[in-house]
Amino acid sequence: MRVLGIETSCDETGIAVYDGEHGLLAHAVYSQIEIHAEYGGVVPELASRDHVRKTLPLIRQVLSEAGLSKSSIDGVAFTAGPGLIGALLVGAAIGRALAWALGVPAIAVHHMEGHLLAPMLEEPVPAFPFVALLVSGGHTQLVAVAGVGRYRLLGESLDDAAGEAFDKTAKILELPYPGGPALAQLAEQGDPTRYRFPRPMTDRPGLDFSFSGLKTFTLNTLNREMAQTGNPAQTRADIARAFEEAVVDTLVIKCRRALRQYASRRLVLAGGVGANRRLRARMEEMAAKEDGEVFYPRTELCTDNGAMIAFAGWQRLRAGQTDPLSFQPRARWRMEELTAI
Ligand code: KG4
Ligand code: ZN
């Protein structure tokens, strides 16, 4: 069974074909970075318009790279939420229309389920049950995963998502959009011993997060130091490093707590911030000490892509789940509402 995946929830157009027998046949991502860079963040209307321009040509490109014709597709999966509603509508309209024209089922995929299952595209495949840390631009969640669609939220951010905190802090440090990777790069040159930022909510029980205070801490540190220091470039790098250490450490502490609390040995790391090298390395160290294992996809499948949507759609289609024409994309959509398969 072969599923075409279409991802258009934010600022990346991602297309892929997943085949139940042969795995990922082809995938391509077109990033809108250049379009949004001059505004310092994603402009929803420009995102939607660009998805309109890019989705069909990218579908043609991916099918041609896989050596497939449209008629060899058994189902079309599209991201139906959560995300920017205009951007979602583009992928949903194209996906739905294509499925109808080809006479195959359409599957409305939850974007975060896509992220969550993406590590299963790699070897070794994490076996259920596991604990998942989802860290993207819009979400920071710890989830107990018993199977596809069997999700229990253990904790989440009460304010900014980890990726959002990276992006906002990057702006304070005057780094270009997209901020997360730029901040991580600057942090490489930073001295980890110069500043110590707080590890929010780690001194009390529970698995929730709060990252919004860290950007204020960054701003205050920057303002104080800029008034005094003779080396602003190094100060910015040191602050970036302290911020990254604080976020990474907080995520690691909460993941360790979740693994212990749920007696799990398997941790899945997914979502855009999962591309962060320090986060991966520190999670590996922690898991090794806990006698556990961490699973994460290759970097290009951590950030938004069509492969994770094709794969999640395939999982649901093979279980007999399809979605009716009346299905509406949703800007907000909780993962616990999904049906178990
Ligand atoms: O999953 P994703 O591509 O899109 C959403 O679903 O939100 O995640 C994007 C987020 C952005 O906030 C971006 O700054 C962050 O992931 N990100 C990173 C890195 N790469 C992407 N944050 C820290 N370090 C990175 N290397
Ligand atoms: Zn995402």
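Helices (H or I, at least four residues) and strands (E, at least two) are DSSP runs, numbered from the N terminus. This is a predicted model, in which local features need pLDDT of at least 70 and side-chain atom pairs count only at pLDDT 80 or more, while totals for chains, interfaces and linings use all residues. Residues are numbered from 1 along each chain as its sequence is written, chains are lettered from A and ligands numbered from 1 in the order in which they are written, and side-chain values use heavy atoms, with hydrogens and water left out.

**Stop 1: the loop between H5 and H6**

Select Glu-174, which sits in the loop between H5 and H6. Its phi is positive, about 60 degrees, although Glu-174 is not a glycine. Most residues other than glycine have a negative phi, and most peptide bonds are trans. Is Glu-174 buried or exposed? Glu-174 has a relative accessible area of 69%, so it counts as exposed. Here buried means under 20% relative accessible area, exposed over 50%, and partly exposed in between (1.4 Å probe, protein chains only).

Stay in this loop and select Pro-178, which also lies between H5 and H6. The peptide bond from Tyr-177 to Pro-178 is cis, with omega near -5 degrees.

**Stop 2**

Select Pro-124, in the loop between H4 and strand E6 (130-135).

Next select Ala-263, in the loop between H8 and strand E9 (266-270). Ala-263 is not a glycine, yet it has a positive phi of about 45 degrees. Ala-263 counts as exposed because its relative accessibility is 72%.

**Stop 3: the zinc ion**

Select ligand 2, the zinc ion. Which residues coordinate the zinc ion? They are His-111 (NE2), His-115 (NE2) and Asp-304 (OD), at 2.0 to 2.1 Å. Donors are N, O and S atoms within 2.8 Å of the metal (3.2 Å for Na, K and Ca); water is not among the atoms, so sites may look incomplete. The spacing of the donor residues in sequence is H-x3-H-x188-D. Distant parts of the chain are linked here: His-111 is in helix H4 and Asp-304 is in the loop between helix H10 (299-302) and helix H11 (307-318), 193 residues apart. Both His-111 and Asp-304 are buried.

**Stop 4: ligand 1**

Select ligand 1 and show the residues around it. A residue is near a molecule or strand if one of its heavy atoms lies within 4 Å of it. There are 18 residues around ligand 1, and His-115, Gly-137, Asp-167, Gly-272 and Asp-304 come nearest. This shell divides into five nonpolar, 11 polar and two charged residues. Ala, Val, Leu, Ile, Met, Phe, Trp, Tyr, Cys and Pro count as nonpolar, Asp, Glu, Lys and Arg as charged, and the others, Gly among them, as polar. Helix H4 (111-117), helix H5 (162-172) and helix H6 (179-187) each supply at least two residues of the shell.

Now check three distances:

- His-111: an N or O atom in its side chain is 3.0 Å from an oxygen atom of ligand 1.
- Gly-180: a polar backbone atom is 3.1 Å from an oxygen atom of ligand 1.
- Asn-276: a polar side-chain atom lies 3.0 Å from a nitrogen atom of ligand 1.

Taken alone, ligand 1 exposes 550 Å², and the protein buries 86% of that. Accessible areas come from the Shrake-Rupley method with a 1.4 Å probe; for residues, only the protein chains shown count as cover.

**Stop 5: the strands**

Select strand E4 (residues 75-81). Seven of its seven residues are buried, so E4 is largely enclosed by the rest of the structure. Two strands pair if DSSP finds at least two bridges between them. Strand E1 (residues 2-7) runs parallel to E4, joined by four bridges, and Leu-4 stands opposite Val-76 in E4. E4 also pairs with strand E5 (residues 106-110), in the parallel sense over five bridges. There, Ala-77 has Ile-107 in E5 as its bridge partner.

Then select strands E2 (residues 12-19) and E3 (residues 23-31), which run antiparallel and are joined by eight bridges. A hairpin of three residues connects E2 to E3.

Technical notes:
A polar contact is a pair of N or O atoms within 3.5 Å; within protein, one must be able to donate a hydrogen and the other to accept it, and residues adjacent in sequence count only if both atoms are side-chain atoms.
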